[in-house]
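Reader: Hi! Could you walk me through this model before I set anything up?
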Amino acid sequence: MDKNSITGLVLIFVIIAGSFYVLKPSEEEIKRERQLQDSLARARAGVETIKTDSAAAVAPVLDSAILNSPFGRATVGEEKILTLENEHIRANISTKGGRVKSVELKDQKTYDGQPLMLFEGEHNKFGLFFSAAGKNISTNDLFFSAEGSNVQVSGQDSASVTFRLTYAQDKYIDYIYSIKGEDYNLGFTIVTKGLQDVIAPTESQLVLNWEASLSQKEKDIKSERERSTLYYALADGEIDHLNTAKDDEEEVNNKVEWISFKQHFFSNVLISDHGFSGGKINVYTSADDHIVKLFSANLRLDFNRQDINTYPMHFFFGPNQYKVLKAHGYGLEKQIDMGWGPMKWINRFITIPVFNFLDGFHWSYGLVILILTVMLKLVLSPLTYRSYVSMAKMRVLKPEMDQIKEKVGQDNPALLQQEYLKLYKQAGVNPLGGCIPLLLQMPFTIAFFFFFPNLFELRGESFLWVKDLSTYDSPITFPPLPLIGMDHISLMCILMTVATLLSTWYNNTISGAANAQMKYIGYFMPLIFLFVLNSFPAGLNYYYFLSTVFTFGQQVVIRKMINDDKILAIIEANKKKPESQKKKSKFQQRMEEYMRQQQAQAKGKGKK
C-alpha cells in the first residue's frame with residue numbers, strides 16, 4: 001500500500017470519528033427522544049387497553065371461578081363519580097375503590113393560575129388490605145355501589161353518601177362520606193358488617209393503604225420539595241415527621257392519631273377518632289419534574305370478631321394557614337415549621353398574634369410587613385441603644401488601646417490582653433457590652449427566617465413589582481449558570497444586599513475598633529447572602545431590607561444623641577474612683593480569675 005493510500009485511509013478514519021463526535025446527540029436530545037419513546041409506548045399500551053376493553057364490551061367473558069371468589073362480583077363494574085362540594089372543597093368520589101379520586105380547593109389556584117387539585121389521577125390509591133378465603137383483597141381495585149347522588153352544601157347544611165362493597169346480602173363494607181358547609185373537612189367512616197367469618201381468622205387487624213402523588217403547586221418546586229414531607233401525630237400528642245431533605249421511611253409501632261401528606265402550603269390529613277395501631281409510612285421524591293413528592297402509608301386498624309365494626313375518621317383538605325389549622329384542633333398547626341428552640345416560641349406566641357392583629361385591618365401585606373418591622377425595632381430599641389453606647393465606649397478607648405499595643409508589642413499576647421483588662425477595669429467598660437444586646441436580638445432575626453417562608457397569607461399576594469410575596473421575584477432571568485445553577489436575579493434581594501453593604505460601610509467609618517480584616521468580612525458576608533437568599537421568598541428579603549434600613553436609621557439617631565466627649569469624661573471620672581467603688585461586671589470577674597490562673601500556671605512552670 002503506497003503512501004497516498006495510507007494518507008487517504010487515515011483521513012477517512014478521522015472524518016468518520018469526527019462525524020461521530022459532531023453528530024453525537026446532546027443529553028437534552030437524548031432525554032427528549034427517551035420521553036418520545038416512553039410516550040409512544042404508553043400510547044401503544046393505551047391502544048391495546050382500548051382494544052381489550054372494546055373486545056370485552058362486545059363479548060364479555062367472565063371466569064366463574066373469579067365470580068365465586070371472595071368479593072368476586074366486585075372485580076367488574078363501571079366507574080361512576082359522585083361529587084361532594086361545599087364553599088371550599090370539591091371532592092370526587094369514585095365507585096372504583098370507593099375512594100376519593102381527586103380534591104379541588106375552590107378558592108385557590110396554582111402559581112400559574114390553574115385550578116388547584118390537591119391530588120388526582122389513577123396513581124393515587126386508598127383502600128383496605130386483608131385476606132379472605134386464602135385470597136389477598138385490596139378494596140382499591142374493587143367496584144362499590146353508590147347510594148346517593150352529587151351533593152352541594154353551604155352554611156350549616158350537611159349531607160352524606162354511602163359506597164358499599166358487597167360480599168353477600170348481609171356481609172359488606174361501607175364507606176360513608178359526609179360534608180358540611182364552611183370548612184375543609186370530608187367526613188369518612190368505615191363500617192364492616194358480617195365479616196367476622198369472612199376475613200381470615202389469623203388476622204386481627206385490617207391495613208388501610210393510602211398513597212398519593214402530589215403535583216407542583218408553587219413557582220419554585222425545589223423550595224416546595226424542601227418544605228414537603230409526611231407528618232404524623234401520636235396518641236400522646238407528640239408530632240413527628242419524616243425527613244424533608246431525602247427519601248425516608250419509618251415503622252411506627254405506637255398509636256397514631258392522624259397522618260398528613262403535607263406540601264409547602266397545603267395538607268391532606270386523615271384523622272382517626274379511635275386512632276391507628278401504628279403502621280409503615282414513607283415519602284420519596286419522584287423523577288417527574290412536576291411531581292413534588294410521593295407519599296404512602298399502611299395504617300393498621302384493629303379488627304374485632306363481631307358483627308359490626310365501625311371506624312370513624314375524617315379528612316382535612318386545606319391550606320397550611322396557621323389560624324385555620326389551629327382552629328381545626330389536633331395540633332395540626334405544628335406541621336408549619338416555625339423554627340426550633342426560642343425561635344419557635346417567638347413565632348408562635350409573639351409574631352403570629354401580632355401579624356394576625358395587623359392582618360385584621362385588611363391592609364396590603366407590604367404595609368403589614370412594614371408595620372411589623374417598625375414594631376419589632378421599637379421593642380428592641382433599648383437593646384440597640386445599649387449596644388451602640390458600649391461600642392462608643394470602645395471607640396473612645398481605642399487611642400489608649402493603641403498606645404498599650406505599641407508599648408507592649410504583639411509578641412506577648414497574654415501581657416497585651418492583661419493590660420487591656422486593666423484599662424477596661426479602670427474605665428468601667430465591658431468589651432462584650434456591644435455584643436450581648438446584639439445576641440439577644442438574634443433569635444428574633446432568625447425567627448423571621450422561618451416565619452415568612454411558611455406564611456400562607458403571602459401566597460399569591462403582590463406588592464410593587466413583586467407578583468407573589470411567598471416566592472422569589474425574578475424580573476431578570478437567564479439560563480442556569482454553571483456550578484451554582486442560578487437562573488434569575490431577585491431585585492428585592494439586591495435591595496437587601498445594597499442596604500446591608502451601606503450599613504456596614506457606615507459602621508466601619510464610625511467604629512475605630514474594627515480592624516481591616518473585620519471590615520472585609522463585613523463586606524463579604526452580605527455578598528454571600530446575595531446568593532443564599534436570591535431564591536428565598538420576596539417577603540423575607542423585603543423584611544430584611546426594611547430591618548436593615550430601620551437599624552441604619554436608629555444608628556444615625558443614636559449617633560447624634562451620644563457625645564463622645566461626654567463618654568470620655570465619664571470614663572475619666574470612673575478611672576479616678578477608688579477600686580472599692582468600682583463595680584465589676586461578670587465578664588471582668590471571669591477574666592481576672594482566668595488571668596490569675598494563667599499567672600499561677602506560669603509560676604509553677606518557672607519553679608520546675
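Author: Happy to; we can go from the overall picture to confidence, the cores, a helix and a serine. This is a predicted model, where local features need pLDDT of at least 70, side-chain atom pairs count only at pLDDT 80 or more, and totals for chains, interfaces and linings use all residues. Residues are numbered from 1 along each chain as its sequence is written, and side-chain values use heavy atoms, with hydrogens and water left out.

Reader: Great. How many helices and strands does the protein chain have?
Author: There are 14 helices and 22 strands, taken as DSSP runs numbered from the N terminus (helices are H or I, at least four residues; strands are E, at least two).

Reader: And what share of the residues is buried?
Author: Of the 608 residues, 44% count as buried, meaning under 20% relative accessible area with a 1.4 Å probe, protein chains only.

Reader: Where is confidence lowest, and where is it highest?
Author: Helix α2 (residues 27–58) is lowest, at a mean pLDDT of 45, and strand β16 (residues 256–262) is highest, at 97. pLDDT is the predictor's confidence in each residue, from 0 to 100. The chain averages 82, and 78% of the residues score at least 70.

Reader: Which residues should I treat with care?
Author: pLDDT stays under 50 over residues 8–24, for which the model has 2 contacts beyond four places in sequence; a contact means heavy atoms within 4.5 Å. Residues 39–60 also stay under 50, with 1 such contact. Where pLDDT is low, the predicted coordinates should not be read in detail.

Reader: Noted! Which residues have the most contacts inside the largest nonpolar core?
Author: Tyr 177, Leu 186, Ile 190, Phe 315 and Phe 452, in a core of 109 residues. Such a core is a set of buried Ala, Val, Leu, Ile, Met, Phe, Trp, Tyr and Cys residues joined through side-chain atoms within 4.5 Å. A second, separate core has 10 residues, including Met 401, Leu 416, Tyr 420 and Leu 421.

Reader: Switching topic: where does helix α7 bend?
Author: Helix α7 (residues 365–408) bends by about 55 degrees at Leu 380, and Pro 382 follows within four residues. The bend is the angle between axes fitted to the seven residues ending there and the seven starting there. After α7 comes Gly 409, with a positive phi near 90 degrees.

Reader: Last one: is Ser 470 buried or exposed?
Author: Ser 470 counts as buried because its relative accessibility is 7%. Its place is in the loop between α9 (435–451) and β21 (476–477). Beyond four places in sequence, the residues in contact with Ser 470 include Phe 265 and Pro 537.

Technical notes: Buried < 20%, exposed > 50% of the residue type's maximum accessible area, 1.4 Å probe, protein only.
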